[in-house]
Amino acid sequence: MKWDVSVRKTIGAGAQRFELDVAFHSDVERLVLFGPSGAGKTMTLKAIAGLVRPDRGHVRMAGSTLFDAEARIDTPPRRRGCGYLFQEYALFPHLTVRQNVAFGLVSGWRNPRADAGGPGVDRWLDALELRPFAARFPDQLSGGQRQRVALARALAGEPRALLLDEPFAALDEPLRNRLRAELAELQARLSLPIVLITHDPADIDAFADDVVHVDHGRVVAPAERFAEEHSMKSSARNHFFGTVSAVRHGTVNDEVELALDGGQHVVALVTRESSERLALAAGTKAFALVEASSIVVVAEPATTLLSARNQLEGTVVSVQPGAVNAEVEIDAGGVRVVAMVTQASARALGLAPGAAVLAAFKASSVIVGVQR
Amino acid sequence: MTAAWVALGLSLKVALWATALDLVLGVAVGFALARSRFPGRELVDSLLLLPMVLPPTVLGYYLLVLVGRRGALGAWLESRFDIHLVFTWQGAVLAAALVGFPFVCKAARAAFETVDVQVEQAARVLGLGAPAIFFRVTLPLAWRGILAGVLLAFARALGEFGATLMVAGSIPGKTQTLSIAVYEAVQAGQDGLANLLVALTSTTCIVVLLLAGRFAPPRIAGRP
C-alpha cells in the first residue's frame with residue numbers, strides 16, 4: 001500500500017474551530033485530493049510531510065510508518081523523504097535558482113555558494129530546463145519558471161514521494177495545461193508516487209489515477225463520490241443530485257421539481273417528449289445539470305424579487321479570477337453552486353468569500369438526467 | 001585637545017560594544033517574541049519598550065541599584081568574578097546597551113514577523129534543522145529590518161548621556177564620553193573645547209549616517 005493515511009486534528013476554538021478527520025488509503029502513483037478551498041487538503045498534505053502534527057492517527061507511506069500517535073512515532077520532516085511543492089512555491093527569495101535547487105543538498109549553517117554545482121544540482125537544472133535562469137533570483141522569474149524551480153528543488157533531494165499543493169493554481173490557463181502534461185510526463189519518467197491537491201476538476205482529468213474527495217475536513221462518502229464522478233463526465237459545472245418530487249404536465253413542456261439531497265428544490269422545464277423518455281415521475285432518482293454561465297449571482301438577496309424559478313440562497317466560498325471571467329463558488333446549504341461571471345461584475349458586486357448571495361437560474365436552463 | 005580625541009575614542013568603543021550586545025540580545029528576544037506564543041507576550045513586549053520612555057536618569061538609577069556594589073547582581077559579580085561595573089567603561093556600555101535595546105528588539109521582531117513561514121517550512125522539508133533554518137533563511141530575510149534597528153541603537157548609544165553619567169560617572173579618559181565631555185566643557189566655561197567636541201560629535205554622526213547609507217544594501221544582499 002503506497003498510502004495509508006488517517007489523521008485527526010482540531011485547531012482554533014469557537015467560530016474559528018476547524019476539525020480535520022481525513023482517512024484514506026490508495027495504491028496508485030497519482031493520487032489527487034480534491035475539494036473546495038478550506039476543506040482541509042493542505043493540512044492533510046502537511047500532516048503527511050510532517051509539517052503539521054496530528055492529534056491522532058497515523059501516516060504510512062509505502063509500508064513505513066512516518067507518524068503514529070499511539071505508537072509515539074513522529075519522524076521529523078527531514079527524514080520522511082517527501083518532496084513538497086508549496087502553493088505559492090515558497091522559493092528562497094534571497095537565493096538564486098541554482099542556490100535554491102542546491103539548498104537541501106548542503107548541510108550546515110551556511111547557504112550553498114552562488115556557483116554550487118555537482119551532478120545532483122545540474123541534473124535537475126537540465127531536466128527542468130532551468131540552466132539559462134540559474135543565476136536569477138525568484139522575483140526575476142515568471143510563474144511557470146518559479147514552479148519548475150520549486151519542482152527541481154523538491155526533486156534534487158531524491159525524495160521517495162512528491163506532495164504537490166495546488167501546483168497549477170498560480171498559473172494562467174494555457175500554461176496550466178502545458179505544465180499538467182509536463183508533470184504527468186515527469187511522473188511517468190521517474191515513477192515517483194505523487195499526491196496532488198486541487199480544487200480544479202481539470203487537474204483530476206489530466207492527472208488522477210485515484211481521487212479522494214475532501215470537504216469540511218472530511219472525506220466525502222464513496223456513494224456521493226460515485227455520483228460526483230459520474231456527473232464530472234458532463235461539461236456542466238453544476239450537478240445537483242436528488243429525487244423528483246413532482247411532475248406538472250403542460251401542453252408542450254413538463255415542469256419537473258427535483259428535491260435535492262440537501263433539502264433545496266430545483267425546478268426544470270422539460271419537453272413532454274423528454275419527460276416521457278426518461279420516465280420522470282415522483283420518486284425517480286435524477287440529477288440536474290446547469291452550466292456555470294447560466295447562473296446569475298444576485299448580491300442583495302433580501303431585497304430582490306426575480307422571475308427566475310430557481311433561486312438558491314447561499315454564501316460565497318471562493319472567487320477564482322480567470323482571464324476574463326471569474327468563477328464564483330457558492331455554498332447553498334450544503335449544495336455547491338459554481339457560477340461564471342465577468343471579472344467586472346464580480347468587482348461591481350463586491351463578491352468575496354462570506355458574502356450572502358442568491359444563485360438564480362431559469363427553469364429552462366436546467367437539464368434533467370437519470371442514471372441508466 | 002587630545003582630551004577631545006580620547007573622548008571620541010571612548011564614545012566609539014562604548015557605542016560599538018553596546019550595539020554588539022544589543023544585536024545579540026535584541027535579535028534573540030525579537031525572534032522569541034515573533035515566533036513563540038505564551039501568555040503575557042504582549043505585556044513583555046510593552047515592558048521591553050520601557051528603556052525608550054523612562055528618563056535616562058531613572059534607568060541609570062535602576063542600573064545602580066542592580067549592579068552597584070551593594071546591588072544584588074553587583075555584589076555577586078564583585079565577589080565571584082571581581083567585576084566592577086560602576087564608574088568603569090563597561091558600566092557605560094551597560095547603560096548604552098540598555099537604552100538602545102528596544103530599537104533592535106522592536107525592529108527584529110517586526111522583521112522576523114514578515115518572513116513567510118512557508119519558506120521556513122520549505123527549508124524544514126528540505127532537511128534542515130532549526131538552527132540552520134535560522135541562519136540560512138530567517139536571518140538573511142530579516143536582516144535589512146534588523147539593520148535599521150541596529151543603526152538606530154548605535155546612534156542612541158553614541159549620544160547616551162543620563163544613564164551613563166549615573167552609572168559610569170564622568171572620569172576623563174576612563175568614562176567621559178563625548179556627550180558628557182560637552183556638558184563638562186560648557187559647565188567649566190571652556191568654550192573652545194566645547195566647540196571642538198560639538199563639531200566632532202556632529203561629524204561622527206554624519207559619517208555614521210553616510211556609512212549606514214553606503215553599507216545598508218538597497219535590496220536583499222546578493223541582488224544585482
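Student: Which residues of helix H3 of chain A are buried, and why are they on the same side?

Tutor: An α-helix has 3.6 residues a turn, so residues three or four places apart point the same way. In H3(A), residues 119-127, the buried ones are Val121(A), Trp124(A) and Leu125(A). They share a side because their arc around the axis is only 105 degrees.

Student: Which residues are exposed on the other side of H3(A)?

Tutor: The buried side of H3(A) packs against helix H2 (97-102) and helix H4 (143-156) of chain A. The other side has exposed residues, which by the cut-off have 12 or fewer other C-beta atoms within 10 Å. In H3(A) these are Pro119(A) and Asp126(A).

Student: Why is helix H1 of chain A described as largely enclosed by the rest of the structure?

Tutor: Helix H1 of chain A covers residues 41-49. Its buried residues include Lys41(A), Thr44(A) and Leu45(A), and also Ile48(A). The helix is largely enclosed because the buried residues number seven of the nine.

Student: Which residue with a positive phi follows H1(A)?

Tutor: The phi in question is near 95 degrees. It belongs to the residue that follows the helix, Gly50(A).

Student: Which strands stand at the edges of the open sheet in chain A?

Tutor: Five strands make up this sheet, in the order S16-S20-S17-S18-S19, and their pairing is antiparallel. A strand at an edge has a single partner, so one of its sides is left without a neighbour in the sheet. The edge strands are S16 (296-298) and S19 (335-342).

Student: By how many degrees are neighbouring strands of this sheet turned against each other on average?

Tutor: The value is an average over neighbouring strands of the sheet, with direction ignored. It comes to 45 degrees.

Student: What is the bridge partner of Gln311(A) in S20(A)?

Tutor: Strand S17 (residues 310-321) and strand S20 (residues 356-361) of chain A pair in the antiparallel sense, over six bridges. One residue of S20(A) is bridged to Gln311(A), namely Ala360(A).

Student: Which helix gives the largest share of the side of chain B that touches chain A?

Tutor: The contact takes 21 residues from chain B and 20 residues from chain A. On the chain B side, two elements give two or more residues: helix H7 (117-125) and helix H8 (130-159). The largest share, seven residues, comes from H8(B).

Student: Where in chain B does pLDDT stay under 50?

Tutor: The mean pLDDT of chain B is 86, and 94% of its residues reach 70 or more. Among its helices, confidence is lowest in H5 (residues 72-81), at a mean of 80, and highest in H7(B), at 93. Where pLDDT is low, the predicted coordinates should not be read in detail. The stretch under 50 is residues 218-224.

Methods
Residues numbered from 1 in each chain as written. Chains lettered and ligands numbered in written order. Predicted model: local features only at pLDDT ≥ 70, side-chain atom pairs only at ≥ 80, totals over all residues. Contact = placed C-beta atoms within 7 Å. Helix = DSSP H or I, 4+ residues; strand = E, 2+ residues; numbered from the N terminus. Buried ≥ 20, exposed ≤ 12 C-beta atoms within 10 Å, placed from the backbone. Pairing = 2+ DSSP bridges. Axes fitted to C-alpha atoms, helices over the stretch in contact; angles between N-to-C directions. pLDDT = per-residue confidence, 0-100. Arc of directions from axis to C-beta.
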